[in-house]
Amino acid sequence: MSRRPVLVALAVVAVTVGLAPEAAASPIGHHQPTAEIFATDNTATITDPNDPRLKDRLVAFGAQVRGIIATNGSWPGCSTLLDGVFWSDDLKTATYERSREFDVDHVSAGGLHHIASVIRKQYQQESVLTFQYLPQPGADSVEVEVPGVTVQQLFNGLAADPVLREELGGGSVTADGGRLALIADKSELASIREFVGVLGANWSKATVAYGHLEFVAD
């Protein structure tokens with residue numbers, strides 16, 4: 001996960017220390033963990049949506065990352081398979097990436113940073129995105145999830161709007177449930193809401209959580 005997506009996607013770590021009321025629903029549709037990690041083992045640039053590598057369910061990778069989490073003193077939880085679409089200005093087209101979201105419990109902020117660094121180095125990623133959940137007044141970032149979005153809709157939305165494409169960069173959709181997942185600066189929330197409308201999804205069904213994002217590159 002070397003790109004600067006709006007989301008999730010590509011490797012996200014999160015710590016929960018308090019949530020705004022609208023963030024009470026669980027991210028990715030399950031138990032709200034202490035933390036989340038969104039990670040991939042992919043280092044290739046994939047521009048073909050039919051590339052067979054995008055069918056890989058990352059089962060072995062999932063087991064390996066859970067091992068890293070446990071080895072570093074935290075509790076690995078559930079994992080969710082994600083399909084990401086990210087726009088490349090250099091290639092003038094979308095790039096695709098499959099990744100996994102991992103729940104992590106009983107972990108400190110420093111421990112999360114360390115785990116993200118280990119994953120980054122082991123899987124040769126340029127950076128790993130971290131997201132710490134915080135009460136809204138002290139937060140500078142958001143995590144937004146919206147049901148009812150397909151990867152094709154996400155691609156079409158990015159391709160059709162160069163302004164939003166430049167601001168948001170990309171996003172991910174749960175592979176088995178069609179739930180859009182985006183992580184961005186809080187200042188981009190209005191653009192995310194606009195983008196959700198462009199995709200044809202219902203903003204009233206969106207879940208918004210607040211916190212602080214970081215790209216771990218060391």
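**Overall architecture**

In this predicted model, 78% of the contacts in the protein with a separation of 6 or more are between residues 24 or more positions apart.

Trainee: What percentage of the residues in the protein is buried?
Mentor: A residue is taken as buried when its relative accessible area is under 20%. Of the 218 residues in the protein, the buried ones make up 54%.

**The aromatic cluster**

Trainee: Which parts of the protein does the pair of Phe-61 and Phe-102 tie together?
Mentor: The structure holds four aromatic pairs. One of them joins Phe-61 and Phe-102 edge-to-face, at 6.0 Å centre to centre and with 70° between the planes. The two residues are 41 apart in sequence, so the pair ties together helix α1 (residues 59–71) and strand β3.

Trainee: Is Phe-61 buried or exposed?
Mentor: The cut-off for a buried residue is under 20% relative accessible area. Phe-61 has a relative accessibility of 2%, so the residue counts as buried.

Trainee: Which residues do ring pairs link into a cluster with Phe-61?
Mentor: Phe-61 and Phe-102 are both buried. Phe-61 also forms an edge-to-face pair with Tyr-123, at 4.9 Å centre to centre and 80° between the planes. Because Tyr-123 lies in the loop between α2 (109–122) and β4, this pair ties together parts that are 62 residues apart in sequence. The residues linked with Phe-61 are Phe-102 and Tyr-123.

Trainee: Which residue in β8 stands opposite Thr-130?
Mentor: Thr-130 lies in strand β4 (residues 128–133). β4 and β8 run antiparallel and are joined by six bridges. Within this pairing, the residue opposite Thr-130 is Glu-214.

Trainee: How far apart in space are Thr-130 and Ile-183?
Mentor: Thr-130 counts as buried because its relative accessibility is 10%. Along the sequence, Thr-130 and Ile-183 are 53 residues apart. From C-alpha to C-alpha, their separation is 9.8 Å.

Trainee: What is the bridge partner of Val-144 in β8?
Mentor: Strand β5 (residues 141–147) pairs with β8 in the antiparallel sense, over five bridges. Seven of the 10 residues of β8 are buried, which leaves this strand mostly covered. The partner of Val-144 in β8 is Val-208.

Trainee: Which residues does Ala-206 touch, not counting those up to four places away in sequence?
Mentor: Ala-206 is located in the loop between α5 (189–198) and β8 (207–216). Its C-alpha atom is 9.9 Å from that of Ala-181, 25 residues apart along the chain. The residues touched by Ala-206 are Val-144, Glu-145 and Val-146.

**Positive phi angles**

Trainee: Is Leu-58 buried or exposed?
Mentor: Leu-58 is found in the loop between β1 (35–39) and α1. Its phi is near 55°, a positive value in a residue other than glycine. Its relative accessible area is 5%, so Leu-58 is buried.

Trainee: Is Lys-92 buried or exposed?
Mentor: Lys-92 is found in the loop between β2 and β3. Its phi is also positive, near 60°, in a residue other than glycine. At 65% relative accessibility, over the 50% cut-off, Lys-92 therefore counts as exposed.

**The second largest pocket**

Trainee: Which element gives the most to the lining of the second largest pocket?
Mentor: The second largest pocket has a volume of about 150 Å³. β2 (75–88) and β3 (93–105) each supply at least two residues of its lining. With three residues, the element that gives the most is β3.

Trainee: How many charged residues are in the lining of the second largest pocket?
Mentor: The lining includes Asp-51, Lys-55, Asp-83, Glu-97 and Arg-98. By class, there are four nonpolar and two polar residues in the lining, and the charged residues number five.

Definitions and conventions
Residues numbered from 1 in each chain as written. Predicted model: local features only at pLDDT ≥ 70, side-chain atom pairs only at ≥ 80, totals over all residues. Heavy atoms only, no water. 1 Å grid on protein atoms, 1.4 Å probe; cavity = no way out; pocket = protein on both sides within 12 Å on 5 of 7 lines; lining within 4 Å. Points joined across faces, edges and corners; volume = space filled by probe spheres on them. Helix = DSSP H or I, 4+ residues; strand = E, 2+ residues; numbered from the N terminus. Nonpolar A, V, L, I, M, F, W, Y, C, P; charged D, E, K, R; others polar. Buried < 20%, exposed > 50% of the residue type's maximum accessible area, 1.4 Å probe, protein only. Contact = heavy atoms within 4.5 Å. Pairing = 2+ DSSP bridges. Phe/Tyr/Trp six-rings, centres within 6.5 Å; stacked < 30°, edge-to-face > 60°.
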